[in-house]
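Thank you for making time for this one. Please look at the sequence and the model together, and I will then walk through a few places in turn.

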Amino acid sequence: MSRAAAIMPGATLGVLGGGQLARMFAMAARRLGYEVVVFAPDKDTPAGQVCPRTVTADYGDGQALREFAAQVEVVTLEFENVPAQALETIEATTPVRPGSQVLAITQNRLKEKSFLAERGFPVTPFRAVRGVEQLLSELPRVGPPAVLKTVGFGYDGKGQRLIASDQEAAQAFAELGSGEMVLERFVRLAMELSVIGARGIDGSFACFGPVENRHCQHILDVSAVPAAVSAEVADRAVALTKQVMEALDVVGLLCVEFFLSQTGELLVNELAPRPHNSGHYSIEACPVSQFEQQVRAITGLPLGATELLKPAAMANLLGDLWAGGEPDWTRVLCVPGVSLHLYGKREARPGRKMGHLTALAASAQAARDLVLAARGQLSQDGSLVR
Ligand code: AMP
């Protein structure tokens, strides 16, 4: 598509999903003068709060999907587990970016790993397993220890178990339910990294990161940039991201999560065809955020500059922080260099992502220290009990 055919500000964009990623996408789109329509099964969503036009319906509601598609020039998404049928319904009249061919692969862990392995991308050694017997026979080839993962709908470590013995294997299989699963080698990790790539309709490419990620109970806890890796590792992570996006023909964003093993291997762990939690730092630390980049990529506008203006770190604010009531936000709002983002979720549950903090500082380590100190202020007796 030539630049003249770009979907220009003033047009209406659609987003599937109403969570914080859709909210921040919508805020970036509206800043550029676009209208946004949110399609979400729930009422009063984080994205719906910032968009006057919302379609509240299930992904199985063909009529609602057609009406949504008719209102918008292009559709994007905030999560990859949109049913294929819903995408087909929309794509009959309106482009979805990234498209259904990307989602068909990235919403199934086995398809994703097979796609990557077949094309020579480095992945953790894995096997497909379809029953306990097969699991027990594959376990010595892959591990132990090994990680058993469901093929679909896994995020934040949901749907996976670490297996160190045959007994644990049988138990893990039963706990995860039956059906097809992926058994993969347990990697001794030196670091977890991510790159958030953007690819335009014309094949242009830009990216954020690599970002260094630390997890807590399988949920992303803290991200920092620049990652403490060699230039070779950083360049390779970026090159792999570009190649994966080309192989999948992604238009839009794709987050590639990497494992860096203790032996120095860089392995692709997972793909997410959307903005990513580890890219939130870009709102404060880059000329163009991952959310504005999503808008630019799907509309055919030129991709924006992604260089890091200052080292940054992001810390998630999970619902656990609300255990003693609403945290006292003045404790972080008074810290220079720290920005607060809250997603407007009414109910704080343990493990639920309610918001995040970003800190800018002279180095990634200083930014990490600052963001953790700021978050610490919220949990140290810092709640406003209602
Ligand atoms: P995933 O849902 O596959 O991204 O896994 C969530 C987290 O579990 C990862 O970010 C890692 O911290 C850990 N993990 C998953 N798979 C492995 C593995 N094969 N080896 C070591 N750690 C893993």
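Predicted model: local features only at pLDDT ≥ 70, side-chain atom pairs only at ≥ 80, totals over all residues.

Residues are numbered from 1 along each chain as its sequence is written, and side-chain values use heavy atoms, with hydrogens and water left out.

Strand β6, residues 146–150, is joined to β7 by 4 bridges, and the two run antiparallel. As for the terms, strands (E, at least two residues) and helices (H or I, at least four) are DSSP runs numbered from the N terminus, and two strands pair if DSSP finds at least two bridges between them.

Where do β6 and β7 sit in their sheet? They belong to an open sheet of 4 strands in the order β5-β8-β6-β7, with antiparallel pairing. The edge strands, each of which pairs on one side only, are β5 (126–129) and β7 (160–163). On average, neighbouring strands of this sheet are turned by 25 degrees against each other, direction ignored. Helix α7, residues 166–175, lies across β6, β7 and β8 (181–185), and runs at about 175 degrees to β7; here axes are lines fitted to C-alpha atoms, for helices over the stretch in contact, and angles run from 0 to 180 degrees between N-to-C directions, with contact meaning heavy atoms within 4.5 Å.

Let me turn to the ligand. It is surrounded by 16 residues, and the closest are Lys149, Glu184, Arg185, Glu192 and Glu270, where a residue counts as near if one of its heavy atoms lies within 4 Å. Strands β6, β8, β9 (189–199) and β13 (266–272) each supply at least two residues of this shell.

Which side chains make polar contacts, meaning pairs of N or O atoms within 3.5 Å? A polar side-chain atom of Glu184 lies 2.8 Å from a nitrogen atom of the ligand, while an N or O atom in the side chain of Glu192 is 2.5 Å from a ligand oxygen atom, and for Asn269 the distance from such a side-chain atom to an oxygen atom of the ligand is 3.1 Å. Taken alone the ligand exposes 470 Å², of which the protein buries 93%, with accessible areas from the Shrake-Rupley method and a 1.4 Å probe.

Methods:
Polar contact = N/O pair within 3.5 Å; in protein donor to acceptor, adjacent residues only side chain to side chain.
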